[in-house]
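Dear colleague,

I am handing over a structure for you to look at alongside your reading. Please open it first, and then go through the notes below.

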There are 2 protein chains.
Amino acid sequence: MSFDSELKQKTSDVEKLIISYLPKEQGWAKTVMSAMNYSVCAGGKRLRPILMSETYKMFGGSGSQIEPFMAAIEMIHTYSLVHDDLPAMDNDEYRRGRKTTHIVYGEAMAILAGDGLLNYAFETALKAFEADGADLKRCSRALSILAQKAGIYGMIGGQTADIEAEDLGSNVTEEHLLFIHEHKTAALIQAAMMIGAVLGKADEDRISVIERAAYEIGIAFQIQDDILDVTGTLETLGKPVGSDEKNNKTTYVTLKGIEAAGAQQKEMSSNAIALLEGLDAQGIRNDFLMELIQSLITRIK
Amino acid sequence: MSFDSELKQKTSDVEKLIISYLPKEQGWAKTVMSAMNYSVCAGGKRLRPILMSETYKMFGGSGSQIEPFMAAIEMIHTYSLVHDDLPAMDNDEYRRGRKTTHIVYGEAMAILAGDGLLNYAFETALKAFEADGADLKRCSRALSILAQKAGIYGMIGGQTADIEAEDLGSNVTEEHLLFIHEHKTAALIQAAMMIGAVLGKADEDRISVIERAAYEIGIAFQIQDDILDVTGTLETLGKPVGSDEKNNKTTYVTLKGIEAAGAQQKEMSSNAIALLEGLDAQGIRNDFLMELIQSLITRIK
């Protein structure tokens, strides 16, 4: 099977898996459940659960114990988008061609749906603890990683710095920008791959290698996003180009120019690949994961 | 020591404990941390952590393993207030005489502070898993209870039903109102007491007794709130009386009249006390907890 059709198949499988973990819409609290499910079912690359499951397989993991964590990380990613889209935050009416959650369900319900998804992510991940023969030490290590990378020392921290960067305009420094990308984008990529490694029974040294590789992947992914905002076309991206410049947003491209940004992206991609090749030399490999990572950081959409 | 001074001492101890678990305000994400800490340090009865710790002691629990959970449940209670106060929700500018979080830090930061507190509650509770000799099975049972009672099958579910009740005005049924009180108020009281029981090594039957007693306590506490809104004075309550009627809010009092509401409150209080006396007969008792519960449901403020 070609990489593209394999990715398509895996995305579809992950989508079904996530849906199987969503709450049944019923009872007096039905509306918040509908708003949560609407948000999660809006599509997307399902990148984080796929990275998690492929890293798990790379370390020899098999079986279903990873699945609650795969659903959980997508719920966390989704809640962050629902809250990001709110009028007080980015005030977006559309995402992926569909109306955003607060446009359909109202602002109060969108706040509760975001809260509901964040909380339900933990409820869902905790199901892994109840499975027969669950390794509770590894499960709690995995859950701690998820919580830390999603919280104020991870994604929420990145969002905070991002909001404050808006007020600074062109006074944003490279250090500040790197903090935003590391926390807002890379932290959840790190959580995905680290949880795959932890549940795949990787040792501490190898979990550190994965943490570092995921950092490089996350930042490279974000710089590629910034580059595509300038070089892409409406046709390939499916969204207007040049929106960063229009919104007066500081990116690697506005800060360092497109060539230097491209060079940094390539360097970080190479670092990530080199780290994974180091594991390959120890007999730990997953060709699909390697191709997926290559495709993410050289993507044109 | 009198009950009042003992309660005062315990509240002050719990306050210090919670503060010791708050994040240090530093780095690029400092603002969200300040907003979280501002919200948690706004005072309050600290009822949930006290109920948790007293139930823990009632079952013979000792030592510090309960502490991360005590801080966590107060963080969850606080985040729910921060999000509840937002303009899209109750739009409150003051709480306990202080400006609400979104008034001080802005709406975007208040949304993130609420998200941050909910997420940090899980990060904090997970610290109990790392303690020497931690019983991971009981810790994960306790964390599952916290997540479930705080989420869409608990508190968030109750908030959803509460928002929808506002649109229904006087068409709210008793069944709907009971759902709101059970989930919005009683669920977190149940979580507090059940986690105390679980970590205090109570068996399943006794955990069920606690769950039931906490249900009765939670609803009785809420009915007492509704009664005080009619019979209280500005002086004792520290907030305007009659606000439920003014806001056209359906309560037990507006639905059934003050006498029937009072009778139901007394019945539920007696049920709770009877359940705890049943444990007392098995040698499981905590006089302070019993007095605390009595005081909650007969309070005049």
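**A buried serine, and what surrounds it**

Ser80(A) is buried, with 21 other C-beta atoms within 10 Å (a residue is called buried if 20 or more other C-beta atoms lie within 10 Å of its own, exposed if 12 or fewer, and partly exposed in between, with C-beta atoms placed from the backbone). Ser80(A) has its place in helix H4 (residues 67–84) of chain A, and from C-alpha to C-alpha Ser80(A) is 21 Å from Glu25(A), a residue 55 positions apart from Ser80(A) in sequence.

Before you read on, please note that this is a predicted model, in which local features need pLDDT of at least 70 and side-chain atom pairs count only at pLDDT 80 or more, whereas totals for chains, interfaces and linings use all residues. Residues are numbered from 1 along each chain as its sequence is written, while chains are lettered from A and ligands numbered from 1 in the order in which they are written.

**Chain A as a whole**

Chain A has 16 helices and two strands (DSSP runs, numbered from the N terminus, of H or I with at least four residues for helices and of E with at least two for strands). Of the 301 residues of chain A, 50% count as buried, and the C-alpha atoms of the chain fill a box of roughly 55 × 55 × 35 Å along the principal axes. Among the contacts in chain A with a separation of 6 or more, 73% are between residues 24 or more positions apart, where a contact requires that the C-beta atoms of two residues, placed from the backbone, lie within 7 Å.

**How the two chains meet**

Which residues take part in the contact between the chains? There are 42 residues from chain A and 42 residues from chain B. The elements that give two or more residues to the side of chain A that touches chain B are helices H2 (30–40), H6 (107–125), H8 (136–150), H9 (155–168) and H10 (174–199) of chain A, and H6(A) gives the most, with eleven residues.

Chain A can be laid on chain B with an RMSD of 0.0 Å by a turn of 180 degrees and a shift of 0.0 Å along the axis (a least-squares superposition on the C-alpha atoms of residues with pLDDT of at least 70 in both copies), and that is the relation of a two-fold axis. Because 100% of the interface residues of chain A are also interface residues in chain B, the copies meet through the same surface.

With best wishes
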